[in-house]
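Biologist: Before we discuss the rings, could you show me the sequence and the model, and then explain the terms as they come up?

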Amino acid sequence: MTRRFRLLTTATAGVTAALLLAGCGGGGSDSSKSNDKIAGADTGASTSASPSASASAVEAGRPKITLPSDLTYTFEWVKTGDKKKDAVLADTEQFIKAVDMAIARQAPLDKAYRFYSEGLAAAGSQKFIQEFVSYKDRITGAKRYFDAKVEINDDGTAGLVYCEDQTKAYNKSLKTGKTEVTKASKDDYVLYNSLLQLNKQGVWITEKLTSQRGSSVCQP
């Protein structure tokens with residue numbers, strides 16, 4: 001059986017063409033393209049090495065991220081030693097978590113994920129969250145994020161590429177309380193490419209986001 005989680009991910013389109021690090025210096029292409037969309041992430045057990053994500057959450061009016069206890073995350077994002085790059089990783093982690101919080105709350109217009117995104121990325125996230133709301137589902141289990149690569153571009157934007165492991169993440173019905181456990185496959189590994197901009201509050205906002213499910217780059 002195909003996991004509905006995958007169907008929802010595939011259904012959330014509407015971001016830009018791939019923003020691979022090699023080509024994101026000028027802000028990426030403006031051409032629209034349907035892609036797999038972000039499957040979010042949340043609080044829980046995180047081995048994240050990204051900088052002071054929890055400490056900075058109370059700064060700049062950042063929203064508090066509160067998620068179900070049965071949803072955990074591991075961020076294997078090692079600090080780069082560069083203040084800007086590490087901030088990009090930290091704010092992207094918060095954005096990922098905020099999307100799943102909106103799913104858990106069944107709130108497509110939740111303020112938290114919109115604090116960390118705008119434009120195409122925010123619109124795509126709203127559509128993604130709405131799919132879960134329509135099915136009355138949320139995400140449970142564990143997610144792992146790894147192999148993050150960050151570049152600060154000449155125009156002040158940032159490009160970020162990273163992988164997600166969804167082999168232990170599943171859909172949970174809010175109507176029945178049942179979890180749809182499915183067999184792991186290569187499609188559980190997703191490659192993401194994002195373009196971020198630093199706003200006036202000092203927060204790295206995700207503006208554009210694309211993904212490739214089953215990418216060979218992220219396979220174990």
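Modeller: Buried means under 20% relative accessible area, exposed means over 50%, and partly exposed lies in between, with a 1.4 Å probe and protein chains only. This is a predicted model, in which local features need pLDDT of at least 70 and side-chain atom pairs count only at pLDDT 80 or more, while totals for chains, interfaces and linings use all residues. Residues are numbered from 1 along each chain as its sequence is written, and side-chain values use heavy atoms, with hydrogens and water left out.

Biologist: Why is W77 called buried?

Modeller: The relative accessibility of W77 is 1%, and the limit is under 20%, so W77 counts as buried.

Biologist: Why are W77 and Y145 described as edge-to-face?

Modeller: Their ring centres are 6.2 Å apart and their planes stand at 75 degrees, so this pair is edge-to-face. Y145, at 1% relative accessibility, also counts as buried.

Biologist: Which residues do the ring pairs link into a cluster?

Modeller: The cluster consists of Y73, F75, W77, Y145, Y162 and Y192, and the structure holds 10 aromatic pairs.

Key. Phe/Tyr/Trp six-rings, centres within 6.5 Å; stacked < 30°, edge-to-face > 60°.
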